[in-house]
Amino acid sequence: MTLRHNEIKTALYAPPVDPDMRAWRQRLRRMDASNLTAVTVSDHFLTGRQDPLPALAAVAAATQRLRVMALVLANDYRHPVITHKAAATLDTISGGRFDLGLGAGFLAAEYSAAGMPYDAPGVRVDRLAEAIEIIQALFTEESVRYTGKHYTITDLPGSPAPIQRPHPPLVIGGGGPRMLRLAGRYAGVVGVHSNLRRGTAYDAGVIEDMLPEQMSRKIGWAREAAESAGRDPDSLDYLSITWTCRVVDRRADSPRALHEVCEQYRVDPDIGRRSTGLLVGTVDECVEQLRSRRDELGLNYVDFGAADFERIEPLLAALAS
């Protein structure tokens, strides 16, 4: 594979909104001054700490450089017409720094808690595929008519116009072939992670499914789909989700930290050490792991999830050197 992305891009979950918004903005300004690429917010009303749309608007207002990324908006929770307008608005508010992440929705407990029907994975992905077509059309066409199995749009203009043209970069990902082929066809950022069709996360399976051999196959699905769609697969970013990031001070502490993290997932440390779903070690060890994953797999973008900013700030600086 030809690497065009020597830089390793980085993303971190936004700090949860706080009644002390002055301190919240100061924290974001520190993140804005670091080597961090993007701040993200997920779309989970059961496990999430904030709604992504107003939170990302506030993040954009408090920062000047950082990308603001929805990682990701669950299509089943938001009609694509509403998603389009929110994305266009956020792109304007941020001055063209918004990344639109789109997903099919996966967390079974969340659907149950809200009394929402939890359709089979194929049905949810079908809806997402239609939604992507609608959202792209609203960004690029003067008036949109669309008739699908799940959505019907009649003579709807797309407004407001975004800053980024033709639209904010799409972030689409997954762990199975269909989602990753969808990402290869449409996304600017391909998220490559565990297959979540079971409707749960945070178990041994999500770590085992991100071993290098599995990740290579997953990336291959996205690259093949990009080529079939007439896109250059080397022009895309490939983002790896880090389920847990643990940065330690001393190399001697790394084995114990890895053991503790692997215990949480009930996975063998030998598997955890190899899995791209975990990042454990000193700053130097973490940099080595990330650069190896970039060089060997093409993963040039890493999401640190809900890791503590103060703990990874030295890692961000080391990646920039």
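User: How exposed is Arg30?
Analyst: This is a predicted model, in which local features need pLDDT of at least 70, side-chain atom pairs count only at pLDDT 80 or more, and totals for chains, interfaces and linings use all residues. Residues are numbered from 1 along each chain as its sequence is written, and side-chain values use heavy atoms, with hydrogens and water left out. Buried means under 20% relative accessible area, exposed over 50% and partly exposed in between, with a 1.4 Å probe and protein chains only. Arg30 is therefore partly exposed, at a relative accessibility of 39%.

User: Which residue meets Arg30 in a salt bridge at 2.7 Å, N to O?
Analyst: A salt bridge here is a side-chain nitrogen of Lys or Arg within 4 Å of a carboxyl oxygen of Asp or Glu. The partner's side chain meets that of Arg30 at 2.7 Å, N to O, and the partner is Glu313.

User: How many residues apart in sequence are the parts tied together by Glu313 and Arg30?
Analyst: Helices are DSSP runs of H or I with at least four residues, strands are runs of E with at least two, and both are numbered from the N terminus. Glu313 belongs to helix α12 (residues 309-320) and Arg30 to helix α1 (residues 21-33), so the pair ties together parts whose separation is 283 residues.

User: Which helix holds the Arg274 that pairs with Glu213?
Analyst: Glu213 and Arg274 form a salt bridge, with their closest N and O atoms 2.8 Å apart. The two are 61 residues apart, Glu213 being in helix α8 (residues 212-228) and Arg274 in helix α10 (residues 269-274).

User: Is Glu260, the partner of Arg246, buried or partly exposed?
Analyst: Arg246 and Glu260 form a salt bridge, their closest N and O atoms lying 3.2 Å apart. Arg246 has 26% relative accessibility. Glu260 has 30% and counts as partly exposed.

User: Which element gives the largest share of the lining of the second largest pocket?
Analyst: α9, α10, β11 (278-281) and α11 (283-297) each supply at least two lining residues of the second largest pocket. The largest share, four residues, comes from β11.
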